[in-house]
Amino acid sequence: MTVLTKDWLRERSELGVSVLLGLVGLVVVVDSLLGSEASTSSDPLGPHALPLLVGALLVVLAVLLARDVLSGGHGEAEGGEDVDLTAPADKRTVLLLAGVLVATAALIPILGWPLAGMGLFWGATYALGSRSVPRDPLIAAGVSLVTWIVFDALLGVDLPGGPLMGVFG
């Protein structure tokens, strides 16, 4: 039997992905089985059929991946195009993007999606290096309004309008 050493685990790091897939699959299956049964005559399978299928497929995929890794298979490192894979991550950009996402999540209930979404898109472009002040906020406002209209009016997903609800809604 192989002794679990750091080197052995490092060479088979894909097992972590397999464990994660298996856990997510089990959570989905258990959650689906513990949910209330709500099938109707128009939907005899009920709302649990698809989550059960997805959860079962995730568990099967986890088992197949673990078997492959334990039999010597491994993923190849991506070469990348003109990318220095030894360079450290740009922590400033990552932190700015994370801050923009957290701020957006906090501001959606207060400002509504159109304004918070504008902040999200404008903040993301700023974090990624764009500094075109007249253009970026206008594009961000347009993208935010279009996504709000598509989700709210066309898809029926109620996104909060915030202060703009009286203007557009």
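This dialogue walks through a predicted model, feature by feature.

User: What percentage of the residues is buried, and what does the surface consist of?

Analyst: Buried residues account for 20% of the 169 residues. The accessible surface is about 12,100 Å², and carbon and sulfur atoms contribute 71% of that surface.

User: How many of the contacts join residues at least 24 apart?

Analyst: Take the contacts between residues at least 6 apart in sequence; 54% of these join residues at least 24 apart.

User: Which residues of α5 are buried, and what covers them?

Analyst: The buried residues in α5 are W113, P114, A116, G117, L120, G123 and A127. Their cover includes α4 (91-111) and α6. Just after α5, G129 has a positive phi of about 115°.

User: Is T93 buried or exposed, and what does T93 touch?

Analyst: Read the relative accessibility against the cut-off: buried means under 20%. T93 is at 15%, so T93 counts as buried. T93 belongs to helix α4. Leaving aside residues up to four places away in sequence, T93 touches A127 and L128. Of these, A127 is one of the buried residues of α5.

User: Where is there a nonpolar surface patch?

Analyst: V146, V150, F151, L154, L155 and V157 make a nonpolar patch of about 540 Å². One of its members, F151, lies in helix α6 (residues 135-154).

User: Which residues does the "transmembrane region" annotation cover?

Analyst: Treat this as a record, then look at the model. The UniProt annotation, from an unreviewed entry, gives residues 15-36, 48-66, 94-118 and 138-157. In the model, residues 94-118 are 96% helix and 0% strand, with end C-alpha atoms 19 Å apart. Residues 138-157 are 85% helix and 0% strand, and their end C-alpha atoms lie 24 Å apart.

Notes: Residues numbered from 1 in each chain as written. Predicted model: local features only at pLDDT ≥ 70, side-chain atom pairs only at ≥ 80, totals over all residues. Heavy atoms only, no water. Buried < 20%, exposed > 50% of the residue type's maximum accessible area, 1.4 Å probe, protein only. Contact = heavy atoms within 4.5 Å. Areas by Shrake-Rupley, 256 points an atom, 1.4 Å probe, with all protein chains shown as cover. Patch = residues over 30% accessible without salt bridge, like charges linked within 9 Å, V, L, I, M, F, W, Y side chains within 5 Å. Salt bridge = Lys/Arg side-chain N within 4 Å of Asp/Glu carboxyl O. Helix = DSSP H or I, 4+ residues; strand = E, 2+ residues; numbered from the N terminus. UniProt positions renumbered as here; feature names shortened; annotations may be inferred.
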